[in-house]
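The following paragraphs lead the reader through selected features of the structure shown here.

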Amino acid sequence: MALPLPSGLVPTEVAFLCEMEMVTIVPRQRLESIPMLGGDTPALRPPRRADVPLWLALLLKKQRRANIVPPPWLLSASLQDIIHAETNIDPEAFSAPPPAPMRSDGRGRALPYAVTTTTSTASTMGTGTGTGNYNGGDKELILAPPFLPSCTQDAPSGYLPYHWLEVAETLLAHAADDIPSAPEVRALLRDLQEVRAAKMRASTRHLEGGGGVLNLRGVGAMELAESRGFVLGVVDGVRKLGASIEASRREEELERGDDGADESDDDMEL
């Protein structure tokens, strides 16, 4: 008999999915482009930096063919700023996710990274991923992690991406020599994880009464996977408690109704 599958993604599945995050490497050897199902990898020409998926960067690092450039948010100064914001500036909310990257359209306007301007190819393209807005020559794509450059060298500092925890642990485990002050970074990550875990546990008080809303803005993928069982247990407990209170209230109303009926019968006999 097969065991029931857990709801949502488990931490091992989240760790596997985070390997699709794009990171920046400095190649040591020349490597031609490799055709993949998701597209061709960039041709590596030392010492020119390139953005590749995390799984490929780890493979090249293991073979000593490239060094991994840590994202700006993984540096000790950025982690200290994030911990200060989480503990002092806004102790109840999580730090904000990275802002949507902007780019110039060549006309002096700033457009989101996910919007690409097309001309004649817009009418010939079929429906694809995203909203598929081809009217007027603009194709709008809604990108989400791991398809945003949130772990590359161009990522903004002071913001935690969606896969921050698993990417940081992976880089510290396999490319610690590429991270400046790796022991300090490891200690700061441990402190940050404890602070955010305490916030996640404390935020469940908004679920009391069954009508609360839990704000998960800024929570990472691994944090959601690890806290899903706890949060679902709290929600189920609140639901059962509310059901028992409702049943007790209905029993009291029925008893009061029976007592009122007996008193009315006695009045009628008098």
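In this predicted model, Arg228 has a relative accessible area of 26% and is therefore partly exposed, since a residue counts as buried only under 20% and as exposed only over 50%. Arg228 belongs to helix H7, which comprises residues 221–269. Although Arg228 and Val10 are 218 residues apart along the chain, their C-alpha atoms are separated by 9.1 Å.

Leaving aside residues up to four places away in sequence, Thr24 touches Arg49, Ala50, Asp51, Asn67, Ile68, Val69, Thr152 and Gln153. With Asp51, the side chain of Thr24 also makes a polar contact of 2.8 Å.

The account now turns to helix H6. Residues 182–202 make up this helix of 21 residues. From the first C-alpha of H6 to its last, the helix reaches 30 Å, close to the 30 Å expected at 1.5 Å a residue. Which residues of H6 are buried? They are Ala182, Val185, Leu188, Leu189, Leu192, Arg196, Lys199 and Met200. Viewed down the axis of H6, these buried residues fall within an arc of 115°, and they therefore line one face of the helix.

Conventions. Residues are numbered from 1 along each chain as its sequence is written. This is a predicted model: local features need pLDDT of at least 70, side-chain atom pairs count only at pLDDT 80 or more; totals for chains, interfaces and linings use all residues. Side-chain values use heavy atoms; hydrogens and water are left out. Helices (H or I, at least four residues) and strands (E, at least two) are DSSP runs, numbered from the N terminus. The expected span of a helix is 1.5 Å times one less than its number of residues. Buried means under 20% relative accessible area, exposed over 50%, partly exposed in between (1.4 Å probe, protein chains only). The arc is that of the directions from the helix axis to the C-beta atoms. A polar contact is a pair of N or O atoms within 3.5 Å; within protein, one must be able to donate a hydrogen and the other to accept it, and residues adjacent in sequence count only if both atoms are side-chain atoms. Contact means heavy atoms within 4.5 Å.
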